[in-house]
Amino acid sequence: KNLTKSIMKDMTEDGIALFHLGDAMHAQRTSCKIEAYNTARDLFLLSPIPVFVTPGDNDWNDCPEPDVSWGRWSRNLMRLDENIKYEGHNVPIQRQKRYEENFEILHNGILIIC
């Protein structure tokens, strides 16, 4: 947590985005309590550039109550890149209609699919 906080504070605005590819928490250690999702969200919001988060199994599926945990993940981390803090950043994103946690970005000829 402290290392992540330090990394986020030291980031520059040179990049177009930050991608976190799942497991923002450890299900066995946090028991997927709401505080764990709040902490993850608050850490990601330290980033000066938009943050795109995809869920990992420890973020919901391995939790004691997967359905409840999916709701917590969705409310705190889905579409985090749309936070008002990042207004003005222009990241060209396309989301999958049925599974909006999945997305693609085409930037300078590089296709990123998450």
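## Cysteine burial

Cys32 is buried, at a relative accessible area of 1% (buried means under 20% relative accessible area, with a 1.4 Å probe and protein chains only). Cys63 is buried too, at 5%.

The model is predicted: local features need pLDDT of at least 70, side-chain atom pairs count only at pLDDT 80 or more, and totals for chains, interfaces and linings use all residues. Residues are numbered from 1 along each chain as its sequence is written, and side-chain values use heavy atoms, without hydrogens and water.

## The disulfide

One disulfide is found in a search of the whole structure, a disulfide being a pair of cysteine sulfur atoms within 2.5 Å. Its partners are Cys32 and Cys63, with an S to S distance of 1.9 Å. Cys32 sits in the loop between helix H2 (27–30) and helix H3 (34–44), and Cys63 in the loop between strand S2 (51–54) and helix H4 (66–77), so the pair links distant parts of the chain, 31 residues apart. Helices (H or I, at least four residues) and strands (E, at least two) are DSSP runs numbered from the N terminus. The link of Cys32 and Cys63 is left-handed, with -75° about the S-S bond.

## Nonpolar cores

The largest nonpolar core has 17 residues; Tyr37, Phe44, Val51, Val53, Trp73, Leu77 and Leu80 touch the most other members. Such a core is a set of buried Ala, Val, Leu, Ile, Met, Phe, Trp, Tyr and Cys residues joined through side-chain atoms within 4.5 Å. H3, S2 and H4 each give two or more residues to this core, and H3 gives the most, with four.

Leaving out residues up to four places away in sequence, Leu77 touches Ala24, Ala40, Arg41, Phe44 and Val53 (contact means heavy atoms within 4.5 Å). Another core, of five residues, lies apart from the largest one and includes Ala17, Val91, Phe103 and Ile105.

Conventions
Buried < 20%, exposed > 50% of the residue type's maximum accessible area, 1.4 Å probe, protein only.
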